[in-house]
Every structure is written in structure tokens, then in C-alpha cells.
Amino acid sequence: MSENNRKTIASPVPGKVAEVKTKPGDQVKRGDLLLIVEAMKMYNRVLTPYDGVVREVAVSAGQKVNTSDPLVVIEV
Amino acid sequence: MEFLRILRVMADATGIYNFSAGNLVMICFGILFIYFGIKKRYEPFLLVPLGIGAILVNIPGTGLMDVGGLLHFNYLGVEKVIYPPLIFLGVGAMTDFGPLIANPSTIILGAAAHIGIFIALVGAKLLGFTIKEAGAIGIIGGADGPMAIYVSTKLAPHLLGQVAVSAYSYMALLPLIQPPIMRLLVPRRERELAMEQLRPVSRREKIVFPIMMIILVNSLLPPIAPLISCLMLGNLIRESGVIERIADTLGGVFLDIVTVFIAVAIGSTMSAQNFVNLKTLEIVVLGLIAFCTGTAGGLLAARIMCKLSGGKINPLIGSAGIAAVPMAARVSHTVGIEDNPYNFLIMYAMGPNLAGVLGTAVAGGIMLTLLGVH
């Protein structure tokens, strides 16, 4: 498997991971919900822009994240 | 006969016997606020206590708002201008000024969105309000509750209830007021624009910023020193990074508690005798005009910046310039994500949103200074 096939979904906002909605091995389609990040008292839905298989979930619920921190790795 | 007389005396003393039509109208408004807060989830932490305050003060005979009553004691926090600086202390501790420091050009959007203040001020003057009353009404357009309370306490304390209720109600109803204007004034292709990532802001910059603002703004506009000082003190506590526990408390539990107190206090000004008159209607309409024109001003300025930057700025962040932190930024984000689900505008919108807070403070400071009020 080439590294080019692996796409990292990064946090779009600084905040706290409220809920993780996926796990390694899950088959996902573009637009599927991966996780929810709370920022500025708002729940932000992080969707996958790719079809593929989730290979890694780098965060857990309750964890603080900054913009660009890796959240999920998807093999496309 | 004696028994009937006693019954009559008891009936006269009940709230039901003393209800007026005005009380019922205001109680309906209270219930409407609670409905919007709970059912529609429009800023429930503001609307629910606001609605309860409005209901309580319109039940005759409780004496809650009489001198010595519970609501009267609570209202002193507004009248004596104690709550607004405390709210600013909490807001400062909660707020990351990074987006404003990273993109200072968004200050233009904060300024443009304050056109509503001056439109409402001129409108109020034309309707026959004095210049001080017009200033207090105009500041509703700043969409900043504590600042509206602060300025109206200084300029026109007799209008404090109407001004504060308008400011807080419209802030809570931003998700209803702003989106139609945003969709009308910004074409879809511009609403979909994704913005470049903001540059990282260093810890040193974030620590210097509040100290600089305390010195600069307070030197230029001393009348607003209590608010700006508390806002920046709260922010310095946050950014210092060495007293995280206090920063978390100030920006969380403390802010929530003071918000409940201030919202109940504002709601408790909504008695039928204060509110059911033409002046209230005029103030409420002027406040709405201020919010709408301010939103439009910010959006149009952002569209100009979008064109000049070659599409690097999503014009939806312009409406956040009217202040109302972070509600207005959340509306920018929510409307943006409807057209492009991968577009996270919240942090970009925080730039003009924070500029709006400073803009309202500056506008209030200018009014107080020009009118010779300290």
C-alpha cells in the first residue's frame, strides 16, 4: 500500500473532540460523519471528503485538538 | 356577610385579581422567549432566564421588583453597572484573540458592521428622542449586551430596560435575523469559498495584545475603562497559561452564573407599565433596523474585500462584525456549511467578531466622550 493512498483528515478548528463516530476498519463514503469537534460552544461535524477505509483514528473523545492536528487516516 | 368580605379581601390580594391586559401580553412575551430558547435552541442560556424574569415581574403582588425584593437586589447588578464588567471578564477568559491578531484586516469588517449604530442613532433623533437617548438606542446595533447596558446606564438610564431587552433579544435571535440577509446579499458561489488557513499566532503576541489594548484603548477612551480593562484582564489570565484553573472557571462556570443573573435582571425590567407604550415599540424597531443594517454593512464590506483579495475572503464572515461573540461567528459558520459542508468558517469569523466587540466599545466610548459623560 503506497503512502499516497493514505489521506489524513485534520482538525479544521481548535477545540475538543466531543464524539468519535468511526473506528479502524470502517468503510466510509464521501460525506460520512467521522467525528464531532466542539469549538466555541458549537458542535462541528467533521465529514470525510474521500471514499475509503478508516485505517487510524488518532484522537479520542474529550481530547483537546488544534487546527491541523491529525484526526483520522483513510486509505482511499 | 363578614365571611364574604373576608373572601373579597383575599381575592383582592391575589395576583389573578390584579392582572392587567398588559401583564398578560408581557407574560406571553416571556413564554415566547422560553419557547425560542428551549424548542428552537436560540441561545437558551439567555432566552430562558430572560423569559422567566419577564414572567415574574408581571405577576402582580409578588413585590419581587420592589425595593428589598429579590429581583430588585439582582437588578442592582445592572443598575450599578456591576454585571457588565464581570461578563467581560468571563468573555475575555473564554476568548482566543488569535484570529484577530492573525488577520488584523478584519477590523475593517468590525467597523463596517457598526453602520447600524449610526443609522439607529439618526433614526431615533428623527423620531424625537434626545441625543443622549438616541445614543443609547443606537448602541443596540453594537450587538453587545454588556456594552449596551453600560452606555445606556450612562446616557439614558430610563431607557435601560428597553435597550437591554432589545440588544439581548436580537443577539439571541441572530440565527433567525441574519441568515436571510446573508443569503440575499451574498451569491452562492461566494458563500462556498474556502479560506486559507490563518497564520499561527505566538504566545508572546497573545500576551502582549491584552496589555497593549488596556494601555491604548483606556488612554484614548477612558469612559469605557471598566469594560475594556476587565475584558483584557480575563484574556491575559487565559493567555498567561500559568493560571489555567482560574481561566477555565472565569470563562466557564463564572460566566454562566453571571449570564443567568444579568438575563433575569434584564427580563425583570419588562413590566407592563414600563414596556407597553409607543416608545418601546419605536426602540424595538430601531434596534432591529440597527441589527439588519449592521449585518448588511459587514457583508457588503466583506464582499468588497473578497473581490480585492481575489476570492480569498468568504463574505459570510462580514456579518460577524456586529459583535455578539460568539453567536454571530456561529451564524456565519452555520450558513457557510449549508452550501459547503467542508467549509469551517467559525475561526475566520471570530476575527471580525472580536473586532466588532472592540468596535462597539470604541463607538460607545466615542459617544460617552462626545456627550461629556463619564
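Let me start in helix α14 of chain B, residues 188–191, where E190(B) is found. Helices here are DSSP runs of H or I with at least four residues, strands are E runs of at least two, and both are numbered from the N terminus. Before going on, the ground rules: this is a predicted model, in which local features need pLDDT of at least 70 and side-chain atom pairs count only at pLDDT 80 or more, while totals for chains, interfaces and linings use all residues. Residues are numbered from 1 along each chain as its sequence is written, chains are lettered from A and ligands numbered from 1 in the order written, and side-chain values use heavy atoms, with hydrogens and water left out.

Back to E190(B). It counts as buried because its relative accessibility is 5%; buried means under 20% relative accessible area, exposed over 50%, and partly exposed in between, with a 1.4 Å probe and protein chains only. Leaving aside neighbours within four places in sequence, E190(B) is in contact with R303(B), C306(B), K307(B), N314(B) and P315(B). Contact means heavy atoms within 4.5 Å.

Next, H333(B), which lies in helix α20 of chain B. Buried or exposed, at 2% relative accessibility? H333(B) counts as buried. Its side chain makes a polar contact of 3.0 Å with the side chain of N44(A), and it reaches the backbone nitrogen of I346(B) at 3.2 Å. A polar contact is a pair of N or O atoms within 3.5 Å; within protein, one must be able to donate a hydrogen and the other to accept it, and residues adjacent in sequence count only if both atoms are side-chain atoms. Beyond four places in sequence, the contacts of H333(B) include M42(A) and L345(B).

Now to chain A. Strands β4 (residues 33–39) and β5 (residues 42–47) run antiparallel and are joined by six bridges; two strands pair if DSSP finds at least two bridges between them. I36(A) has R45(A) as its bridge partner in β5(A). Two residues sit between the strands of this hairpin, and M40(A) takes a positive phi near 50° there.

C230(B) is in α16, residues 225–240. C230(B) and P85(B) are 145 residues apart in sequence, yet 5.7 Å apart in space, C-alpha to C-alpha. Not counting residues up to four places away, C230(B) touches P85(B), F88(B) and L89(B).

The other helix is α4(B), whose buried residues include L46(B), P49(B) and I55(B). Among the elements covering the buried residues of α4(B) are α3, α12 and α20 of chain B.
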